[in-house]
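What follows is a guided reading of a predicted model, taken chain by chain and then contact by contact. Please keep the structure open beside the text.

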Amino acid sequence: MESVGNIILYFIVAIAIIVFSVLTVTTRKILRSATYLLFVLFATAIIYFQMDYQFLGAVQIAVYAGGILVLFVFAIMLTQQPGKEAEGLATHRRWLGLTAALAGVALCGYGLFSYAGFCGRLLSGGVDVNMERIGQFLLSTDKFGYLLPFEAISVLLLACIIGGVVIARRR
Amino acid sequence: MPLSLAIVVVALPLLMFLFLGLVGVKMGRKITGVIGVLAMLVDTVLAYGVALTYFFGSGQGQMVDGVRQAVVVANPAWLSFTDTLVVRMGVLVDPIAAMMLVVITTVSLMVHLYSLGYMSDHDGNAEKGFQRYYAFLALFTFSMLGLVVATNIFQIFIFFEMVGLSSYLLIGFYYSLPAANHANKKAFIVTRLADLFFLLGIMILSYYTNTFDFDKLVFGPTMSGSLETAQSAITTAGGATFLGCSVMAWALTFIFIGGAGKSAMYPLHIWLPDAMEGPTPVSALIHAATMVVAGVFLVARLFPLYVLVQGAMNIILVVGAFTAFYAAAIACTQSDIKRALAFSTISQIAFMMTSLAVSSNQNALIEIHEGYGLGYMASMFHLFTHAMFKALLFLCAGAIIHAVHSNENDKMHGLHKYMPITSICFLIGCLAIAGIPPFAGFWSKDEILVAAYQRGLGWGIWMSMVAGMTAFYMFRIYYLIFFWKKHEVHTHHAPKDQPWTMTLPLIILACISVVAGFVPFHDMVTWDGKELHTALDMKVAGTSVLIALLGIGLATVMYRKENPLPERMANAMRGLWTASYRRFYMDEFYQFITHKVIFQGICVPIAWFDRTIIDGFMNWMADATNSVSFGIRRLQSGSIQAYVYVYLLGALLLAAITMICVLL
Amino acid sequence: MDLTLFMYLIPSLIMFGCGVYGFITRKNMIAIMISLELMLNSVDINFVVFNRYLFPGQMDGMFFSLFAIAIAAAETALALAIIINVFRIAKNVDINQITKLKF
């Protein structure tokens with residue numbers, strides 16, 4: 001049995017995610033869209049906190065909300081054309097998108113309802129996920145160590161830095 | 001003089017080829033020619049030195065117990081595949097090689113000098129491509145020298161190809177003329193076809209005897225021709241047979257076919273008359289004196305093997321005897337003087353071949369009687385003298401052509417008054433080839449006839465007849481050029497003797513033609529290196545001179561002065577005359593074979609199959625791919641959202657299928 | 001009332017659906033990138049909750065999310081650089097206008 005606070009928090013987060021997700025993709029103004037995305041990301045971070053993954057939640061806020069979103073805002077500012085704030089959507093495209101999204105949601109929802117016996121699982125006491133353990137896992141070469149992906153990601157980031165510089169360079 | 005200078009003799013023309021070919025364009029035309037002549041002069045002097053040292057010197061291993069030896073000056077391995085399969089590139093001096101060195105360098109020097117004048121216009125300006133011409137001449141000289149000093153049969157083959165190549169380049173020297181291009185292609189293809197057989201022969205021979213080297217094939221322990229060595233080589237080959245003949249017979253026949261291609265034996269002679277499209281000095285050097293005797297040289301080189309393989313030798317005998325007659329018959333009617341001389345060359349080379357073949361009298365193997373190997377000596381002797389006087393005749397013809405600008409003898413007539421020096425030189429050449437003593441041809445031809453009579457009366461009579469025809473057709477040409485009727489001046493300037501660069505070689509060669517017969521070949525050039533005792537056979541000599549005089553007399557009656565006799569005779573034997581004039585339709589026959597049978601019967605269907613079926617299938621595949629891709633390229637809308645949409649639907653479909661499967 | 005795994009998957013699913021809808025319908029390329037972020041985010045949530053509910057003793061899902069966030073950051077930075085570059089050339093970020101690469 002969960003605490004009432006937890007349940008209330010869950011509902012707030014779930015409703016926020018659903019509402020802001022829908023708003024993100026339906027609003028006509030791109031800047032608003034980015035703002036709604038920010039709310040979605042915050043709500044996601046709250047879920048992470050709720051799962052006791054404090055580090056992940058912090059990363060979510062710092063990287064996603066703090067980094068990526070700022071990038072988005074900058075990109076929007078740079079590509080915004082004056083007097084052309086709203087974008088129109090082609091109707092047939094909208095119906096296509098709607099059917100695809102609804103079909104996907106329906107199929108997956110049906111799948112979850114019908115086949116996934118684990119869906120009713122409850123939260124059980126997990127291990128304490130503190131910074132020290134994360135650090136050791138990240139740099140460990142044991143069975144559950146993540147040194148190799150860690151290094152791969154660092155190389156990827158380097159490649160992205162170079163790629164970004166090359167692409168954005170003014171010729 | 002050390003015999004190793006032979007290496008320099010061979011290498012110097014190669015250096016000249018590289019030098020003239022690479023640097024010549026930067027220099028003036030004349031100066032290139034002069035350098036070429038000077039280098040050739042040095043080369044000739046060296047070659048004479050080597051030959052004289054070889055024949056008359058001592059102390060370098062050239063003479064052991066009265067037997068002349070082959071001296072191998074250098075013999076480094078060039079390609080070493082296995083222990084037995086080693087291709088060497090060496091320099092070997094033996095009687096025939098030394099003799100050939102002299103012949104090649106002499107004629108080449110004369111031609112180099114002569115070309116200074118011939119390849120210029122009447123004002124003395126050198127023609128376009130002068131440097132190229134001299135470079136190719138040097139290349140040819142190098143190839144030919146490399147051929148004669150070869151220490152193994154593979155080296156001979158390589159240089160065989162190289163002389164073929166330089167011949168091709170020089171025939172096609174006037175590459176803007178279609179006739180020259182046709183002629184050089186024809187020469188190259190015909191000789192290539194023959195060389196294919198040569199290569200086959202080499203492969204068979206070396207496969208069964210395990211060697212390319214002459215010292216294991218034909219040279220005995222004393223490094224002179226040895227039947228024992230040849231016999232042991234044949235024994236090594238064992239009793240392997242193919243189609244009922246021993247493999248050695250096949251190998252030697254194939255090698256002879258290679259030689260026949262180069263030496264223009266019937267039926268591979270068709271390229272030689274056309275090769276006259278090249279500049280006349282080239283014809284003199286390549287297609288009269290040196291390259292065309294490569295086949296004779298080849299057979300002479302392998303002489304001990306041929307002696308022991310009678311089958312191959314008989315083929316040579318028959319082919320040689322027939323060709324001698326056939327070419328002489330054609331030469332009697334040709335109106336183009338160079339072609340007439342070309343057929344004369346074919347006939348004379350056939351003489352040499354026949355001479356080689358008759359000396360392998362089967363009896364000679366059993367009872368070694370006096371005169372054994374006479375034919376070999378006679379053949380080499382004739383090769384030597386023929387090179388001199390035929391080069392002389394060709395160079396004379398070149399001088400005449402240069403003066404009247406035509407090859408046809410009806411444009412000439414009566415030139416004696418205008419070109420006395422040329423006329424006298426030509427007459428000397430004619431007398432030499434006709435076999436009138438004391439000119440060179442008499443001595444060598446007489447030896448050949450003696451050898452032929454030794455083989456059999458029939459062969460002797462046949463060859464005597466051809467010798468008579470030789471005298472007739474040579475004097476026919478001579479009279480038609482220099483007499484017959486008064487010359488009509490066609491060009492704006494009357495023909496006259498050519499400048500000294502062209503006349504000097506004529507005079508030198510004429511002098512050689514007079515005295516060359518006195519060279520003591522019988523104790524210098526023999527197949528086994530031993531001295532050969534010969535005596536002038538008065539019966540044979542007498543008849544041959546008589547026959548030659550008869551031929552000359554007939555030619556004098558018919559062609560000395562303009563008269564209707566030749567026309568009447570031609571009319572009387574119209575069919576024969578036309579056939580001879582058309583060279584017995586050999587060209588038409590080849591044309592029929594190649595065009596009608598091979599092209600139409602084989603190549604056209606193959607080409608059709610290739611184009612329609614093979615290419616057609618490939619084209620169909622390409623077309624199908626093309627049309628399909630044109631059909632489906634609309635799917636590449638470039639709209640990423642459409643792709644995502646399709647992708648998503650696909651993923652959903654898969655998920656649905658999975659679910660259904662789980663459900664069932 | 002219990003907070004089951006299912007209850008966390010539903011918002012994630014809807015978020016994913018919204019991402020799909022946005023990706024297909026939006027014309028602005030930056031908006032498409034935003035939709036992409038939504039989808040990525042929903043996947044992250046799934047990783048985390050599956051890990052937490054089904055394998056509480058391990059941390060693999062969390063690490064996957066961690067790496068996914070890192071990759072998403074890199075990818076977004078690069079994609080936005082490209083978009084800005086395209087804008088410089090075409091003066092436009094409308095995905096329907098930029099079809100030079102088709103065929």
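Read from the N terminus, chain A runs α-α-α-α-α-α, with 6 helices and 0 strands in its secondary structure. Of its 171 residues, 22% are buried, and among the contacts in chain A with a separation of 6 or more, 42% join residues 24 or more positions apart.

Chain B has 26 helices and 8 strands, and 52% of its 664 residues count as buried. Residues 24 or more positions apart account for 81% of the contacts in chain B with a separation of 6 or more.

One helix of chain B can be followed in detail. Helix H22 of chain B spans residues 538–559, and its 22 residues reach 31 Å from the first C-alpha to the last, close to the 32 Å expected at 1.5 Å a residue. Which residues of H22(B) are buried? They are B:Val540, B:Ser544, B:Ile547, B:Ala548, B:Gly551, B:Ile552, B:Ala555 and B:Tyr559. Because these residues cover an arc of only 135° around the axis, they lie on the same side of H22(B). On the face of H22(B) turned away from its buried side are the exposed residues B:Met538, B:Lys539, B:Gly542, B:Leu546 and B:Val557.

The contacts between chains come next. Where chain C meets chain A, 62 residues of chain C and 72 residues of chain A take part. On the side of chain C that touches chain A, the elements giving two or more residues are helix H1 (5–25), helix H2 (29–54) and helix H3 (60–90) of chain C, and the largest share, 21 residues, comes from H3(C). Sorted by class, this side of chain C holds 45 nonpolar, 12 polar and 5 charged residues. Between chain A and chain B, 7 residues of chain A are in contact with 8 residues of chain B, and the side of chain A that touches chain B has 5 nonpolar, 2 polar and no charged residues.

Finally, the predictor's own confidence should be kept in view. Chain C has a mean pLDDT of 87, with 95% of its residues at 70 or more, while the complex is given an ipTM of 0.90 and a pTM of 0.68. Where pLDDT is low, the predicted coordinates should not be read in detail.

Definitions and conventions. Residues numbered from 1 in each chain as written. Chains lettered and ligands numbered in written order. Predicted model: local features only at pLDDT ≥ 70, side-chain atom pairs only at ≥ 80, totals over all residues. Helix = DSSP H or I, 4+ residues; strand = E, 2+ residues; numbered from the N terminus. Buried ≥ 20, exposed ≤ 12 C-beta atoms within 10 Å, placed from the backbone. Contact = placed C-beta atoms within 7 Å. Nonpolar A, V, L, I, M, F, W, Y, C, P; charged D, E, K, R; others polar. pLDDT = per-residue confidence, 0-100. Expected span 1.5 Å × (residues − 1). Arc of directions from axis to C-beta.
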